[in-house]
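We'll go stop by stop, with something to click on at each one.

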Amino acid sequence: MAGTEQVVYVVDDDASARESLCWLLDTEGIATRAFDSADSFLRAWSGDWSGCIMVDIRMPGKSGLQLQEELNGLQNRMPVIVLTGHADVPIAIRAMKLGALDFLEKPYSDHELLDSIRAALELGLEIDRAELEKSRYAVALDALTEREREVMCLVVEGKTNKGIAAQLGISEKTVEVHRSRVMEKTAARSLSELVRMCLILKDQL
Amino acid sequence: MSIGVLAFRGEQDALERWSPTAEYLTESVADYRFRIVPLTLEGMVSEVSRDRLDFILTNTGNYVVLENAFGISRLATLKVRHLDKDFTQFGAVIFTRADHPELNEIEDIAGHSMLAVSQNAFGGFQMAWREMIDAGVDPFADLRALDFSGFPQDDIVHAVLAGDYDVGTVRSGTLERMAADKLIDIGKIKLLGARQSEAFPFLHSTRLYPEWPFAKARKTPEILAQRVAIALLQLQPESEAARKAYAAGWTIPLDYGPVHELFRQLEIGPYEYLKRPSLESVWREYRPWIIFSLVMILALIALAAMIGRANRRISQSESRYRDEANQRKQAQESLAAHKETLETRVRERTAELAEVNASLRRSEATLRAIHDITTDPDRSFETRLDDLLREGCRFFQMQFAATVVIRDGDVRLDKRVNSGAEELQAMAQRVANEVARISGTLTIQDFSDADALADSGCAGIASGSALGATYQVEDETSGCILFCDLQPGRRIFTDVDIDILQLMAQWLGGEIERAEINRRAQEHRAQLAHVSRLNTMGEMATGIAHELNQPLTAILNYSNGCLRLLHKQGDSNAELRDAITKVGADAKRAGDIIKRLREFIKRGELKRESFEITESIEAAVEMLRRRLLQNEISVATHCAANLPPILADRVQIEQVVVNLLLNAIDALQVCGPDSKRIEIEIDSSADGHILVTISDSGPGLPADTVERLFDPFFTTKPDGMGMGLSISRSIVESHGGTIEYQLDERGRPGFRFSLPPT
């Protein structure tokens, strides 16, 4: 979750490629954790992890592509960078279709590698932030009463207090009270922030 | 070898009559066993249509039907021995009681009753039918009654003598046989439309047609057919095979053209279509109009018919009288001429007979020579062809022989024997052009007499003689064999010569076709081997690239990491920094070399085409047939119905199947001889992918090897390269499919690959 340290998870069966990559990232001050197979990575995997995953395509047992498929089933949030010993167009296309962020051919240059990793980490951070925001909004929304929630939805749709009162069959005054309670409970600083919040959570409303 | 025999008197009779002939052929034609299969008319047609027979022995009429419909071809004609005389032809008699007051000619039969053996009987009815039609009597329309009695024909003779029917028809010879057996008094019988033939002393009212032929099915090899034909021609009249068959042996196949004419005229057999316009459909569509028109026309017809009949009778009898008068006059004249030249004729006849005898002996010797030449395994094709052409030159008494290649309108002399003067070559080329144009057989006894050829490709040849016949390769005329000479033919060319010429041409066509098929199979194998080599190199390069790229990646990672560390420490040691930079650059260069190598050897683009997966599987099994047999492995293929075609590279897919079969063959080495089985299942998955599973009855793979099976260089075989499965996976994946090792529900090991549909 937010605040947890970002880690690059390296999954590669070849020890020298794996260890050297970790060492290089270490010199750049990037935290790494290494796995020698897809299965050992999956056993350790947790939904709380933040960062990105670098996975080699060709490995004994589960291949990198199969690992991607399983991670998609687990609703993994971390971006995936795929490594391969040789560029093979059909495989690259399949990896991209499975949602890989980037595709690097060994041996890669260090700039290429670090650019790709930085982009992945940044994206991971963004995803984390959005997730955090979403959960914060969800907590706020839980605190609203049924009537306050109705009023909020109509406000977001752009209805006037008078219109809302007529639609719900209550006085304009009561609408105003509900409205101020909504702003208070959600800690929204403006109407536009309230609209944004509703958009993010629209599938929970 | 099965010989289908028409059993018109029942199975038992056919077996007794023909089994000795089958035994004779088994003795005479080495390496083959012959047996008799008795069949009804319907059974004969159905067996021939399913290609179940190798040879066919049937009546003349049925033969022509089968020749037309299924391409059977005659090898010899039966020489029947009847009342101590030998015949290769027969006819039919149309007869009545000697004391019948109204019947004297065939045309008198109209309005009377008639009995025959069967509507389908060639000698027993159809011959008479033709003569009746010629005489203006339609047996199915103009008779008071037409009945069919079935065999034996003797009943018909008795019925007519007893007065139950006015007219009867039976096969020629029947009356004489019954008279000889004292069953009838031949004096009490009157023939209608009696004819005379020098060579045929039996009573007959119809034209004569050739006897039963012995024929070969279309698929039966020519060489075997030749051996059978030679054996039949050599059958002695005293032998058991001949006696049981009531025959004096067999002769060169006769011309069955007259039988075709009969069928065409009667619109039956192969020509039945001639009388089959779709009357029903016309009737359905225009019924009211037709009825209306018929009523209107009927009155007119009645009137016209009365007048017409009267006219016709008058003109018929007029022309008959005229013809008779003419014929009588001609007969008298020719009788006179005959008397004058009788002695000369006798001398000529004797000489002709001697010539015929000599020619038969020659042709028999030549047939034997052709047989010896074409079946000698020690002679190469070229030598055999040479010897064959020389034998032909000797037999036809011609100077020059050649084979000719005909392709896309181009006619080129190929192999020559006795190539002589330029004039001869030029003549041969012209004759070849003409034979190619007619795409058939050409015989020119003497060019100076052959006016009809003046407009053809032979125009300009002043004198000489030629024989030529085309041959087919895969149903297309692709060459011919020809003999020519600047002199007119030294002897008269006969039907036997044409048969022998065609035999030579057929043999040559067959040999060329076989060589072509061999060449194509060879080419296919070479193509697969080439693709296989390319694939192996490509896969090795990929494997090496993968293996080397791992350490190169590590080197680059370490060198880059070092440079970053040095940079952080202020780049104080420039010498060290430069050296490490060079380490990285060299590692990168090594990576580039590998990349270029891979691109260089990279497999070509896939040549995708749409085809049935079963074709690849059959081709692969066929290719490994010898190895499967050597190892006593049985292969069973199960294929689901209605599979869609796939869009793939045919040769590559075939290589996958070959690789998997080779692995299965190796895996089965450890099994006992009776338990070596490979099963191939072809099915489709729910999403339309084609699934091919190749499993074997072997022990399967150790569990610890399964993970690495598809890795390049990984192998469990002592002399294996570890490329087969790796290549197979690359091919399947490049087609968008998958491949995996699995145990099926019965625990048998195997590989399954999938391919997306078109």
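Start by selecting β8(B) and β9(B): the two strands run parallel, joined by four bridges. Strands here are DSSP runs of E with at least two residues, helices are runs of H or I with at least four, and both are numbered from the N terminus. Two strands count as paired if DSSP finds at least two bridges between them. Click on B:Leu115 and look for its bridge partner in β9(B), which is B:Asp147.

A word on what you're looking at: this is a predicted model, where local features need pLDDT of at least 70 and side-chain atom pairs count only at pLDDT 80 or more, while totals for chains, interfaces and linings use all residues. Residues are numbered from 1 along each chain as its sequence is written, with chains lettered from A and ligands numbered from 1 in the order in which they are written.

Now widen the selection to the whole open sheet, five strands in the order β9-β8-β10-β7-β11 of chain B, with mixed pairing. At its edges are β9 (145–148) and β11 (189–192) of chain B, each pairing on one side only.

Angles run from 0 to 180 degrees between N-to-C directions, and axes are lines fitted to C-alpha atoms, for helices over the stretch in contact. Contact means C-beta atoms, placed from the backbone, within 7 Å.

Which residues of helix α5 (residues 154–161) of chain B are buried? Select B:Ile156, B:Val157 and B:Val160. Buried means 20 or more other C-beta atoms within 10 Å of a residue's own (exposed is 12 or fewer, partly exposed is in between), with C-beta atoms placed from the backbone. Look down the helix axis: the buried residues of α5(B) fall within an arc of 100°, so they line one face of the helix. That arc is taken from the directions from the helix axis to the C-beta atoms. They pack against β7 (92–97), β8 (113–116), β10 (167–171) and α6 (174–180) of chain B. Just after α5(B), B:Gly163 has a positive phi of about 85°.

Jump to helix α3 (residues 60–70) and helix α9 (residues 257–266) of chain B, whose axes come within 10 Å and cross at roughly 80°. That makes α3(B) roughly perpendicular to α9(B) (65 to 115 degrees counts as roughly perpendicular, under 35 as roughly parallel, over 145 as roughly antiparallel, and the rest as oblique). To see the contact, show B:Thr60, B:Gly61 and B:Val64 in α3(B) with B:Val259, B:His260 and B:Phe263 in α9(B).

Another open sheet of five strands comes next, ordered β16-β15-β19-β18-β17 in chain B, with antiparallel pairing. β16 (410–417) and β17 (441–444) of chain B stand at the edges with a single partner strand each, so one side of each is left without a neighbour in the sheet. Inside this sheet, β18 (residues 465–473) and β19 (residues 476–485) of chain B pair over nine bridges, with B:Val473 opposite B:Glu476.

Then select B:Leu755, in strand β26 (residues 749–755) of chain B. It counts as buried, with 23 C-beta neighbours inside 10 Å. B:Ser684 is 71 residues away in sequence, yet 9.3 Å from B:Leu755, C-alpha to C-alpha.

Last stop: show both chains, where the contact takes 18 residues from chain A and 24 residues from chain B. On chain A's side, helix α1 (residues 15–27) of chain A gives the largest share, seven residues.

Key. Contact = placed C-beta atoms within 7 Å.
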